[in-house]
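Please consult the sequence and structure shown below while reading.

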Amino acid sequence: MAEPLVWLILLPLAWATGAFLVPARGAWLALGGTAAQLWLAFQLAAKVGAGDTATHAVGGWGAPLGIDLTADGLTALLLILTQFVALPLFVYARAYFAEKSPAFWPLAGFLLAGMNALFLSADLFNIYVTLELVGLAAVGLVAMGGGAQQLAAALRYLFATLVGSGLYLLGVALIYGVYGTVAIETLTPLVAADTPRAVWFAAGLMLVGLMIKTALFPFHYWLPPAPGGAPAPVSALLSALVVKASFYLILRLWLGPFAPLVDVVAWLPALLGSAAIFWGSWRAIRAVRLKALVAWSTVAQLGYLFLIFPLLGSDQLALHAGGMQLVAHGLAKAAMFAAVGVLIQVTGRDTVADVAGVAARLPVTLFAFALAGVTLMGLPPSGGFLAKWLLIEAALVRGRWDMVVVILAGGLLAAVYVFRVLRQAFLLPPSGERRRVERRPVAMLEWTAFALAAASVLVGLRGMEIVRLLGAGA
Amino acid sequence: MTMLTSGLIFACTGVVLFAMGVAGVVLLDHLLRRILAFNLMGSGAFLVLIGLAQRAGASDPVPQAMVLTGIVVAVAATALALALARRLFALTGGYGLPQSDAKDGDG
Amino acid sequence: MTANEWLPLAVIASSLVPGLAIFALPERRVVLRTALNLLGALAKIVLVATLLAGVAAGEDYAFRYAVLPGIDLAFKVDALALLFVTLSAVLWLFTTLYAIGYLENAPHRSRFFGFFSLCVTATMGIAMAANLFTFFIFYELLTLATFPLVVHRGTPQAMKGGTIYLAYTLIGGTLLLAGIVWLNNLAGHAEFAHGGVLAALSDAPVWQLQAIFLLLIAGVGVKAAIVPLHGWLPRAMVAPAPVSALLHAVAVVKAGAFGIVRIVYEVYGIEFAQSLDLLAPLAVLAAVTIVWGSFRALFQDDLKRRLAFSTVSQVSYIVLGVALFGPIGTVGGLVHLVHQGIMKITLFFCAGNYAETLGIHKVSEMNGAGRRMPLTTLAFSIGALGMMGAPLTAGAISKAWLSDGAAAAGMDWAIWVLWTSSLLNAAYFLPILWRAWFRPAPLAWPEEQIPARGWRETAWLLLLPPLVTAFMILAAGMFAESPGSPLEWAKLIAMREYRQGATLP
């Protein structure tokens, strides 16, 4: 296949449609398709890493009139991450749903198509369309359970994501009004040359819209209920991947067209990120239910991503830290939700207290949870550790001691909520009345969670590749 | 002072509509009203897009294509929202979002 | 990859691979698990012996792998690394044997031995780390691998001890990380090298170097249980006896003390550290710890807690030796790293034997234990006498060199500290020996679990390890001057760490 760019979007669309038409074969179509996408993403990374910029003009119409697809190192990294997390999660989902939820596969396919298109799009309006596609598919997934609580969570999420993309669209409209183009590459020099007040307003609208979709504090309100009510594979997709898509856009815009504007407000995302770290961790520490704990941890971990903005600079340290955190958290959070899914399925209960004694019965799952926790705490040799290391280094270079303290304190808070679960698991199982009938764990569920968790730790040994890829084509 | 062109009037109206829509989505309780408010918000954005493109005198086809695409997206979103709302009504008998789990969920 | 590159990796793999394999084994595969354990432990000893021969012949063993630009995962095997590697490898073998005997028929043995192997893996990494980055990786791995061992019993007390252990060590790790990144940022790297690497930075602000030193020492000081960071050690005594042995002699506190040695000698450099006025406060801290630990030990009735406070005190002998500016003190500190290990592990093995065989957990229950368990009590007596610094034991050698070092450095007060501690050691150990040997036994032991059979007062796997380590205490004391002894090896290291070259008696 000559054009990995196009096929990365077409393939998931194709298998999603296939899964819709032939529900019985949905899982296999998804697995085959995603495996092929993963291969394509690696191909693309190799191409970008070798110094070629990968660009494709859809239908032969180039920018500014047509729609361009482009990929640089950051794009390639996120594409790999998305397919790499999705593949084991689909294996997990196949065992988890056991053919009972045919709706999952088409929705997941449209979600992946939307995400891949979003990463590859090079114009602001096209990005709006992909944002909506991602949002609607994700809402569909959240609503899949069909209960009142899931529906309410889905609707809450839907309104949040619609307001977010609405703000983004208004910003795009203003920008088109000023410059007459929405192609990112064309815009960047134009914004640098002249920025009327409307563009400041537009940039503000777009960034706030995207922050809502990324669930940055204080716009995080929709996130904890959404995965909390959804089935485990959906929660994992949402927390590990979907929120990263809008973050990717913020980073793209920040480094690209809005670069001349944002320097003066760089403290704001960092401040909100710090607040997210503390508030998210605190709620995770206090959470009663396992899923809520993991979801609040996502709020906290997303905060780290926003710490990089005041630190971005020519030394690339902060960008590398951000890339590493995206990858590490994506893998770890998927693993953690997958592990929690097994715990809930086996014990039949969903509170942290009910984990007691699990260490003896579900060692693989608990290991998966622990390894994912190692990444979230930023302990070596995980990817999270490298992210933390780079972030501290970037903060030190700029003399931001306050941020060093936030980063280190965040790691300790993460340790509190991770070990809350682990120590409970090591407790002796309660005897007597609590001995209830439990389902036997499905080995496939346990091991896919474990594989994701192990990957989140081992990715720390591939730091050089990630750094190299991030530097490519930028 | 330059006169307000019709395009600019459209754009300003669009911004006002958008703001009203956002306020509606955020503040209202009834699901149907929120969905309507979302549509108001979308229309506002489309109006801005069309209005600003009018300034050059001749109308620009690109924003019109965008608005067309945007309308399709908005219709899809509205349909999904309505489907979810109906289902929720069937389950709970109301068009309000139930309070989420106070222990853990709400921010 | 050459043999000199993969040998350090093989040393790590020799416990990592069996450890991971053991996790995967079902609980009932006792024979296979035991075989894996022992095979790993023996393979490690063979590998370490190869390294010892190589390093003595001047070979360089190093491995390097880039993790981030300018930041490497790097191992090197030098004389100092080997001191710790050898100690841990040898003691691991005996602790494994002991643990196999101790945990016979206990639940969750796969998990236990898996983490046990991971602990030793981490210790090997700490010993062979060639820079602070690598050191930190294994230092944190050690924290994670020991937690499940501390809470192994799963009781609420075990959880409490484990939680306190985690709180201390994770906060310590965080401080250490801050110090390491800061240092990396200031110096561009944090490699270990003889004579230190920071002297080249003499134009950096002194307060920054001092602050980094404080962060680093606080970070490793938690594991080395320096007062006031020692609170976790007595609480972690809820763990099974082999774990206590591991914490006190093979891995955790040793890792902390070893970290201090590396930081003072190979990051700052002893002379540069002295010029920054860092050594005197460290010496005072060590002295306070030595006296305070011994003092607290006096009042513990729980045998293992008494031993724990004794560890707090004894580990700081090492720190004191490091902080005494001068090669003689260095030798004293380094040799005590080994001597404290074999003495303390003997004591913990014996404490475990009393608890497992007779149900004795308290000093007040020790009456007459010597007649029921003469061999164990003999080993315990040798260990205790060694701790007091009695002649012919390893402890005497440590104390002699430390005192001479203090005198040579002109810190006469340190000699008084050592004497005070020896007196306190006698005060808390001699009553135990007195009760065990000379007081009549009670009519019934608290909980006799293993009956005596002939000369075997308890299971032979429990008896053998303390006897061997007790023999080592005597051997290290009596043959201290012969080649290959810990003392000779410590002298070799000390000669290399002083840049002007050192003369030793």
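A polar contact is a pair of N or O atoms within 3.5 Å; within protein, one atom must be able to donate a hydrogen and the other to accept it, and residues adjacent in sequence count only if both atoms are side-chain atoms. By this rule, 0 residue pairs are in polar contact across the interface of chain A and chain B (both at pLDDT 80 or more).

The model is predicted, so local features need pLDDT of at least 70 and side-chain atom pairs count only at pLDDT 80 or more, whereas totals for chains, interfaces and linings use all residues. Residues are numbered from 1 along each chain as its sequence is written, chains are lettered from A and ligands numbered from 1 in the order in which they are written, and side-chain values use heavy atoms, with hydrogens and water left out.

**Interface of chain A and chain B**

- The contact (heavy atoms within 4.5 Å) involves 42 residues of chain A and 39 residues of chain B.
- About 3,500 Å² is buried between chain A and chain B, and carbon and sulfur atoms give 77% of that area. Buried area is the accessible area (1.4 Å probe) that two parts lose on being put together, summed over both.
- On the side of chain A, Leu155(A), Phe159(A) and Tyr176(A) lose the most area to chain B, together 18% of what that side buries.
- Two or more residues on this side of chain A come from each of helix 5 (124–143), helix 6 (148–179), helix 12 (267–286) and helix 13 (290–307) of chain A. Helices (H or I, at least four residues) and strands (E, at least two) are DSSP runs, numbered from the N terminus.
- Helix 6 of chain A gives the most to the side that touches chain B, with 20 residues.
- The rule finds 0 salt bridges between chain A and chain B; a salt bridge is a side-chain nitrogen of Lys or Arg within 4 Å of a carboxyl oxygen of Asp or Glu.

**Interface of chain A and chain C**

- Here, 32 residues of chain A meet 36 residues of chain C.
- The area buried between chain A and chain C is about 3,100 Å², with 82% given by carbon and sulfur atoms.
- Between chain A and chain C there are 0 salt bridges, while 3 residue pairs are in polar contact (both at pLDDT 80 or more).
- The elements of chain A that give two or more residues to the side touching chain C include helix 16 (363–377) and helix 20 (463–471).
- Helix 17 of chain A supplies the largest share of that side, 9 residues.

**Residues of chain A**

- Leu391(A) lies in helix 17 (residues 383–397) of chain A and is buried, with a relative accessible area of 4%. Buried means under 20% relative accessible area, exposed over 50%, and partly exposed in between (1.4 Å probe, protein chains only).
- Not counting residues up to four places away in sequence, Leu391(A) touches Tyr304(A), Leu307(A), Ile308(A), Leu311(A), Ala321(A) and Ile407(A).
- Gln424(A) lies in helix 18 (residues 401–426) of chain A and counts as buried at 18% relative accessibility.

**Chains B and C**

- Chain B has 3 helices and 0 strands, and buried residues make up 36% of its 107 residues.
- In chain C, 18 of the 19 residues of helix 5 are buried, so this helix is largely enclosed by the rest of the structure.
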